[in-house]
Every structure is written in C-alpha cells, then in structure tokens.
Amino acid sequence: MQGKKLFYFIGGIVLVLIVWISAETMTQPGVVDLAGEFKEMAFYRNENNTGPVIRVYAVYTTDSLWSEMREYGDFMPHTKYGNTKVFFFTDEATTPDNVQGKEPYFKEEFQSSCIAKYEKTAMGEVRFTKYPFF
C-alpha cells in the first residue's frame, strides 16, 4: 500500500511539472503579440554553418512604431558570431521581394521606402537606425 501511494505521489508531481512546462512554453511572447502588423516579404540566409551566418530580412509594416520594430528584430533568430539585419518598409508595393547577403542587400530603388534598419552584430550588439538611407 505504501509503495502505491509513493508511486502516485511521484506520478502526480511529474504530471504537474509537465503541464506547467507546457503552459509556459505555449504562452511565450512572440511576433504576433506586437502592436503593429509585420509581414516578412523576403529572407536570405547563407549556406555557411561553420562560419558567420548572415541573415537578411525585408519586412513590411503598417505603422512606424519604432519600439515595436526593435522588438520584432529582437525576436528574429541570431547565431553566435553571425549577423542579422532586418529592413522595415511601410509600403507593401515598394518592399523588396528578394534580398541578398552582401551590400546592397536589395535594389537601390527600394532604399527610399526603407524606414528603419535593425542589426544584431556578431558580438550581439544591437543597432537600430531610423531612415538608414537618408
């Protein structure tokens, strides 16, 4: 009898822990929780897995909420010693649908509609620039 109670007690603790960990995992904040609307229009990632990983995003947003854009950039994946760049545009028609890993990251005709640039450098330093091409 004593063995069954101990078994059920430990099983109950394990079950509570599984439910608690699952609930915490499912309620983590993400891009969908941000105030503005964000739509990823183009993405580039180089094939190099042993050296610096370069990620470049072109994102359409409906509003120029600077703090929300910075948070969006913080949510983007980043690799140690890699570089992540996110370019924000407010006009969907003038948002590039193709980006590359080297400068210029997209055609120059789109630079005038870029309202912000988020960059996380290889050392984890964050840079947020409003109107980077002006």
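**Figure 1. Salt bridges in the predicted model.** A search of the whole structure finds 5 salt bridges, a salt bridge being a side-chain nitrogen of Lys or Arg within 4 Å of a carboxyl oxygen of Asp or Glu. The structure is a predicted model, in which local features need pLDDT of at least 70 and side-chain atom pairs count only at pLDDT 80 or more, while totals for chains, interfaces and linings use all residues. Residues are numbered from 1 along each chain as its sequence is written, and side-chain values use heavy atoms, with hydrogens and water left out.

**Figure 2. The salt bridge between Glu 92 and Lys 39.** The side chains of these two residues meet at 2.8 Å, N to O. Glu 92 lies in the loop between β3 (83-89) and β4, and Lys 39 in strand β1 (residues 38-45), so that the pair links distant parts of the chain, 53 residues apart (helices, H or I with at least four residues, and strands, E with at least two, are DSSP runs numbered from the N terminus). Glu 92 is partly exposed, with a relative accessible area of 34%, and Lys 39 is likewise partly exposed, at 38%. Here buried means under 20% relative accessible area, exposed over 50%, and partly exposed in between, with a 1.4 Å probe and protein chains only.

**Figure 3. The salt-bridge network around Glu 119.** Glu 119 forms a salt bridge with Lys 85, with 3.2 Å between the closest N and O atoms. This pair links distant parts of the chain, Glu 119 being in strand β4 and Lys 85 in strand β3, 34 residues apart. Both Glu 119 and Lys 85 are buried; the relative accessible area of Glu 119 is 8%. Glu 119 also forms a salt bridge with Arg 127, where the closest N and O atoms are 3.7 Å apart. Arg 127 is partly exposed, with a relative accessible area of 40%. The network of salt bridges links Lys 85, Lys 117, Glu 119, Glu 125 and Arg 127.

**Figure 4. Aromatic pairs of Trp 66.** Rings of Phe, Tyr and Trp (its six-membered ring) pair if their centres lie within 6.5 Å; planes under 30 degrees apart count as stacked, over 60 as edge-to-face and the rest as tilted. By this rule the count comes to 13 aromatic pairs. Trp 66 and Phe 128 form an edge-to-face pair, 6.3 Å centre to centre with 70° between the planes. Because Trp 66 lies in helix α2 (residues 66-75) and Phe 128 in strand β5 (residues 126-130), the pair ties together parts that are 62 residues apart in sequence. Trp 66 counts as partly exposed, at 24% relative accessibility. Trp 66 and Tyr 131 form an edge-to-face pair as well, at 5.7 Å centre to centre and 75° between the planes. Tyr 131 belongs to the segment after β5, and this pair links distant parts of the chain, 65 residues apart. Tyr 131 is partly exposed, with a relative accessible area of 40%.

**Figure 5. An aromatic cluster.** Phe 87, Phe 89, Tyr 105, Phe 106 and Phe 133 form one aromatic cluster.

**Figure 6. Met 123 in the loop between β4 and β5.** Strand β4 spans 114-120. Met 123 is exposed, with a relative accessible area of 67%. The C-alpha atoms of Met 123 and Val 56 are separated by 17 Å, and the two residues are 67 residues apart along the chain.
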